[in-house]
Amino acid sequence: MASRRISLGMPTPRRTDEMAASLPDTSDRPDTPALADRFGREASDLRLSLTDFCNLRCTYCMPASGMTFLKKEQLLSVEEVVRLVRIGVERLGIEQVRFTGGEPLTRPDLEEIIAGVAALERRPDISLTTNAIGLDHRAAPLRAAGLDRINVSLDSVVSETFERLSRRPLLHRVLAGIDGAREAGLSPIKINAVLLPGVNDHELPDLLDWCLDRELQLRVIEQMPLDADHIWDRSSMITAGDVHAMLADRFALSPVAEARDGAPAELFEVADRATGRPRGRVGIIASVTRPFCADCRRTRLTAEGRVRTCLFSREETDLRGALRTGADDEAIAEIWRAAQWGKKAGHGMDREDFVQPERPMSAIGG
């Protein structure tokens with residue numbers, strides 16, 4: 001595959017008053033401190049990317065080569081991350097914080113970031129999405145710092161398939177990281193898997209069995225149009241319906257009793273088809289074919305401190321510039337509220353005029 005240079009650098013931050021002038025009109029916004037939008041949703045779940053760099057090159061996320069990553073000074077510092085989370089928790093109603101990337105474990109100060117967030121007086125739930133490379137050595141320190149739980153991106157437990165998908169022969173390091181997380185007491189451990197037709201889709205029943213045997217919670221995620229090479233094809237993607245069909249011979253799936261409550265995954269109880277023995281649960285995240293936008297409760301910050309109200313947003317609002325030009329907490333909160341007010345009703349993938357974001361998943365934060 002020919003490489004393509006992708007620059008992730010951003011413009012020089014604007015002054016706070018200039019940023020405010022470009023924000024959505026909030027004249028009809030209700031008088032609430034929450035991160036409300038005009039469709040009646042309030043965001044309480046913050047996804048915060050710590051870096052755009054990753055030590056894998058998964059085909060559905062990044063090109064094989066040619067990416068230009070953010071420089072250290074462009075990334076939010078430990079103090080800036082903790083301050084933005086504090087503003088979110090104290091002033092905006094954030095209850096959950098998930099750190100993402102890129103690969104957040106490539107930041108050597110991750111333990112310091114988590115400890116700073118865990119020390120907040122109104123402590124949020126703290127989770128991490130990771131590929132688990134290096135987690136075997138860091139799981140215990142991260143747990144001690146205040147990390148509550150993790151999601152591990154793992155699309156195959158077959159070495160050859162893993163290398164084909166990730167372009168790196170590192171499955172053994174991912175598995176060691178999962179073992180380290182279990183030993184450190186991180187729970188639950190969720191496994192995020194994306195299925196690609198003709199690559200790893202045939203492995204799904206074995207992957208689910210592998211997860212259930214280890215009390216890991218598999219989440220199967222429909223591939224989304226967030227690949228760097230822009231070759232996503234809806235007509236050939238593996239859908240939620242396909243997932244049910246692929247599992248039907250070996251497993252019986254039944255919806256869980258409790259309400260979904262804004263979660264992206266639709267959960268199912270799993271039993272062996274032949275014996276009826278209960279095995280655990282599986283989740284399916286059908287962002288494309290069964291969108292859950294109407295109950296979305298997420299707000300996102302990129303690694304350089306820009307608000308994105310949706311994975312598929314084509315607009316971003318700079319908070320780092322306000323941080324670094326002396327804005328107080330309430331001024332930053334107001335910019336964030338105004339940005340969230342402009343959140344669209346849905347991601348728009350069913351519209352004829354849908355345009356894939358320029359940034360790939362690694363640069364947005366999953």
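This is a predicted model: local features need pLDDT of at least 70, side-chain atom pairs count only at pLDDT 80 or more; totals for chains, interfaces and linings use all residues.
Which residues does the UniProt annotation "binding site" cover in the unreviewed entry? One such annotation covers Cys54, Cys58 and Cys61.

Some overall figures before the details. The protein has 11 helices and 16 strands. Of its 366 residues, 56% are buried. Among contacts with a separation of 6 or more, 74% are between residues 24 or more positions apart.

Cys58 is part of the lining of the largest cavity. Cys54 sits in the loop between β4, residues 45-49, and β5, residues 67-68. Cys61 is also in the loop between β4 and β5. Are Cys54 and Cys61 buried or exposed? Cys54 has a relative accessible area of 11%, so it is buried, the cut-off being under 20%. For Cys61 the relative accessible area is 11%, and Cys61 is buried. As for what Cys54 touches, leaving aside neighbours within four places in sequence, the contacts are Met62, Gly102, Glu103 and Asn131.

The partners are Phe53 and Phe69, with ring centres 5.1 Å apart and planes at 80 degrees, so the arrangement is edge-to-face. Phe53 belongs to the loop between β4 and β5, and Phe69 to the loop between β5 and α2, so the pair ties together parts that are 16 residues apart in sequence. In terms of accessibility, Phe53 is partly exposed at 33%. Phe69 is partly exposed as well, with a relative accessible area of 23%.

Thr51 is found in the loop between β4 and β5, and it is buried, with a relative accessible area of 5%.

Now the second group of annotated positions.

Arg47 lies in strand β4 and is buried, with a relative accessible area of 12%. Thr299 is in strand β14, which runs over residues 298-301. Its relative accessible area is 0%, and Thr299 is buried. What is Thr299 in contact with, once neighbours within four places in sequence are left aside? The list is Leu35, Ala43, Asp45, Leu46, Arg47, Ile94, Val307, Arg308, Trp336 and Gln340.

A second case of separation along the chain involves Ser313. This residue is in the loop between β15, residues 306-308, and β16, residues 317-318. Ser313 counts as buried, at 9% relative accessibility. From C-alpha to C-alpha, Ser313 and Ile364 are 9.8 Å apart in space and 51 residues apart in sequence. The Ser313 side chain also makes a polar contact with the side chain of Thr309, at 3.3 Å.

Last, the nonpolar core. How many residues does the largest nonpolar core have? It has 101 residues, and those with the most contacts inside it are Val85, Phe99, Ile150, Val152, Leu154, Ile191 and Leu218. Helix α2, residues 78-92, supplies the largest share of this core, 8 residues.

Take Leu154 as one example from that set. Not counting residues up to four places away in sequence, Leu154 touches Phe162, Leu171, Val174, Leu175, Ile178, Ile191, Asn192, Ala193, Leu207 and Trp210. Ile191, which is in this list of contacts, is itself named among the residues with the most contacts inside the core.

That is where I will stop.

How values were computed. Residues are numbered from 1 along each chain as its sequence is written. Side-chain values use heavy atoms; hydrogens and water are left out. A nonpolar core is a set of buried Ala, Val, Leu, Ile, Met, Phe, Trp, Tyr and Cys residues joined through side-chain atoms within 4.5 Å. Buried means under 20% relative accessible area, exposed over 50%, partly exposed in between (1.4 Å probe, protein chains only). Helices (H or I, at least four residues) and strands (E, at least two) are DSSP runs, numbered from the N terminus. Contact means heavy atoms within 4.5 Å. UniProt positions are given in the numbering used here, feature names are shortened, and annotations may be inferred rather than shown by experiment. On a 1 Å grid over the protein atoms alone, a cavity is a set of points where a 1.4 Å probe fits but cannot get out, and a pocket is an open set with protein on both sides within 12 Å along at least five of seven lines; lining residues have an atom within 4 Å of a point. A polar contact is a pair of N or O atoms within 3.5 Å; within protein, one must be able to donate a hydrogen and the other to accept it, and residues adjacent in sequence count only if both atoms are side-chain atoms. Rings of Phe, Tyr and Trp (its six-membered ring) pair if their centres lie within 6.5 Å; planes under 30 degrees apart count as stacked, over 60 as edge-to-face and the rest as tilted.
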